[in-house]
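Try each task before you read its solution.

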Amino acid sequence: PSAAERVALYRELYCLMKAHFGDDEMGRRKAWYFAPWHHSFLHRYRPLPASVYEARAAEKALITTRVNRFDPLVGELDIDMLEPVERLLRNAHPDAHTAIAAV
């Protein structure tokens, strides 16, 4: 999925959390109990082309593999080469996750 599609996924996740837990202070506190785990997992997503990663993917699910925030194998030579929204989505810092959840 593209960065825009992943932003939409986060938005849907938080809409579902609000519907389930409520949109008051208590509901947000309950939802935020689960949110860090989702962010910790989802921020590791990378669009990995099959031409480069197919063999590795056959051995192990790639999303469970820790990788850098940029990938030289697909032409990402520096984090600054990425679009700002992509950098935010790949950010592991909890403050970034809070900013995403607040949108």
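**Exercise 1.** Where is the place of Arg6? Then find out whether Arg6 is buried or exposed.

*Solution.* Arg6 sits in helix 1; helices here are DSSP runs of H or I with at least four residues, numbered from the N terminus. This is a predicted model, in which local features need pLDDT of at least 70, side-chain atom pairs count only at pLDDT 80 or more, and totals for chains, interfaces and linings use all residues. Residues are numbered from 1 along each chain as its sequence is written, and side-chain values use heavy atoms, with hydrogens and water left out. Next, the relative accessible area of Arg6 is 8%, so Arg6 is buried (buried means under 20%, exposed over 50%, with a 1.4 Å probe and protein chains only).

**Exercise 2.** Which residues does Arg6 touch, not counting residues up to four places away in sequence?

*Solution.* Look for contacts, meaning heavy atoms within 4.5 Å. With that sequence limit, you will find Pro1, Tyr45, Glu86 and Leu89 touching Arg6.

**Exercise 3.** Which residues of helix 5 are buried, and which are exposed on the other side?

*Solution.* Start with the buried ones: Ala96, His97 and Ile100. Down the axis of helix 5, these fall within an arc of 100°, so they line one face of the helix (the arc is that of the directions from the helix axis to the C-beta atoms). Pro94, Asp95 and Ala102 are exposed on the other side of helix 5. Finally, the cover over the buried residues of helix 5 includes helix 1 (3–21), helix 2 and helix 4 (84–90).

Notes
Helix = DSSP H or I, 4+ residues; strand = E, 2+ residues; numbered from the N terminus.
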